[in-house]
Amino acid sequence: KFINQSINLNRDVLSYRRTLFEIIFFSIICFTLPFVLVHPQWAIGTIVNAILFRVAITQKGWKYILPVVILPNLGVISAGIIFGAPSIMLFLFAPLIWIGNFSYILFNKYLILQRKINVGLGLAGASVIKFAILFTSALIAVFILGLPSVLLFPMGPLQIATALMGGTLAISYQEIENKFFSKKRVLKGKL
């Protein structure tokens with residue numbers, strides 16, 4: 001079910017202190033989540049993608065985005081949860097995962113906030129782009145470089161599922177925040 005909603009978000013209302021608090025808080029969650037939750041991987045991915053989506057729609061500019069792009073993968077590498085103990089595959093895929101996370105934020109910002117595309121379609125588009133980057137990389141790694149096929153599921157179907165679920169979770173949180181805690185940031189439409 002697509003979310004039939006458009007965003008009219010006033011991001012200027014985030015004070016500098018609140019922005020800094022959110023980024024520090026989200027960065028800590030992104031890094032420590034793999035240690036606390038460990039498994040299932042879909043739950044970790046959903047929470048991380050919810051944070052990425054929230055950052056995309058609430059943070060003006062780019063200077064605070066780098067920690068939430070990089071730290072989830074560093075946490076996973078440190079905890080060693082995707083492929084078991086830390087392996088060379090985790091290190092090889094780290095830059096690709098960073099590119100995937102950054103593209104998810106970039107395309108959500110572009111499609112939803114700049115192009116004013118329906119939030120459900122914008123989320124779907126950004127999720128497909130992230131999926132395409134990571135799954136294409138995994139396909140190349142498996143079929144051309146000869147790496148194990150275990151890469152295909154976590155870098156493919158799991159990525160698009162968690163990107164969509166995380167974005168939907170973030171939109172739901174934003175609706176709750178708007179309804180009960182804030183009249184300044186507004187998401188218009190129906191969920």
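Here is a friendly conversation about the predicted model shown above.

Visitor: What should I know about the numbering and the model before we start?
Guide: Residues are numbered from 1 along each chain as its sequence is written. This is a predicted model, in which local features need pLDDT of at least 70 and side-chain atom pairs count only at pLDDT 80 or more, while totals for chains, interfaces and linings use all residues, and side-chain values use heavy atoms, with hydrogens and water left out.

Visitor: In what order do the elements of the chain run from the N terminus on?
Guide: Helices (H or I, at least four residues) and strands (E, at least two) are DSSP runs, numbered from the N terminus. The chain has 6 helices and 2 strands. Read from the N terminus, the order is β-α-α-α-α-α-α-β.

Visitor: What percentage of the 191 residues of the chain count as buried?
Guide: Buried means under 20% relative accessible area, exposed over 50%, and partly exposed in between, with a 1.4 Å probe and protein chains only. Among the 191 residues of the chain, the buried share is 47%.

Visitor: Among contacts with a separation of 6 or more, what percentage comes from residues 24 or more positions apart?
Guide: A contact means heavy atoms within 4.5 Å. For contacts in the chain with a separation of 6 or more, residues 24 or more positions apart account for 74%.

Visitor: At what angle do α3 and α4 pack?
Guide: Two packed helices are described by the angle between their axes and the distance between the axes. Axes here are lines fitted to C-alpha atoms, for helices over the stretch in contact, and angles run from 0 to 180 degrees between N-to-C directions. Residues of α3 including Val 69, Pro 72 and Val 76 meet residues of α4 including Ile 97, Asn 101 and Phe 102. The axes of α3 (residues 66-79) and α4 are 8 Å apart, and the angle is about 150°.

Visitor: Which elements are included in what covers the buried residues of α3?
Guide: α3 has 14 residues and reaches 20 Å from its first C-alpha to its last, close to the 20 Å expected at 1.5 Å a residue; the expected span is 1.5 Å times one less than the number of residues. Its buried residues are Val 68, Val 69, Pro 72, Asn 73, Gly 75, Val 76 and Ile 77. The cover over them includes α1 (16-37), α2 and α4.

Visitor: Which residue has its backbone oxygen 3.1 Å from a polar atom of the side chain of Asn 101?
Guide: Asn 101 sits in helix α4 (residues 88-114) and is buried, with a relative accessible area of 4%. Leaving aside neighbours within four places in sequence, Asn 101 is in contact with Leu 52, Val 69, Pro 72 and Lys 130. The backbone oxygen 3.1 Å from a polar atom of the Asn 101 side chain belongs to Val 69.

Visitor: Is Phe 102 buried or partly exposed?
Guide: Phe 102 is also placed in helix α4. With a relative accessible area of 36%, Phe 102 is partly exposed.

Visitor: How many Å separate the C-alpha atoms of Ile 51 and Phe 26?
Guide: Ile 51 lies in helix α2 and is buried, with a relative accessible area of 6%. Beyond residues up to four places away in sequence, Ile 51 touches Phe 26, Ile 29, Cys 30 and Val 68. Ile 51 and Phe 26 are 25 residues apart along the chain, and their C-alpha atoms are separated by 6.7 Å.

Visitor: How far apart in space are Tyr 64 and Leu 20, C-alpha to C-alpha?
Guide: Tyr 64 is found in the loop between α2 (41-58) and α3, and Tyr 64 is buried, with a relative accessible area of 14%. Its contacts, leaving aside neighbours within four places in sequence, are Tyr 16, Thr 19, Leu 20, Ile 23 and Gln 59. Tyr 64 and Leu 20 are 44 residues apart in sequence, and the C-alpha to C-alpha distance is 8.0 Å.

Visitor: What is the phi of Lys 116?
Guide: Lys 116 belongs to the loop between α4 and α5 (119-143). Lys 116 is exposed, with a relative accessible area of 56%. Although Lys 116 is not a glycine, its phi is positive, at about 60°.

Technical notes: Polar contact = N/O pair within 3.5 Å; in protein donor to acceptor, adjacent residues only side chain to side chain.
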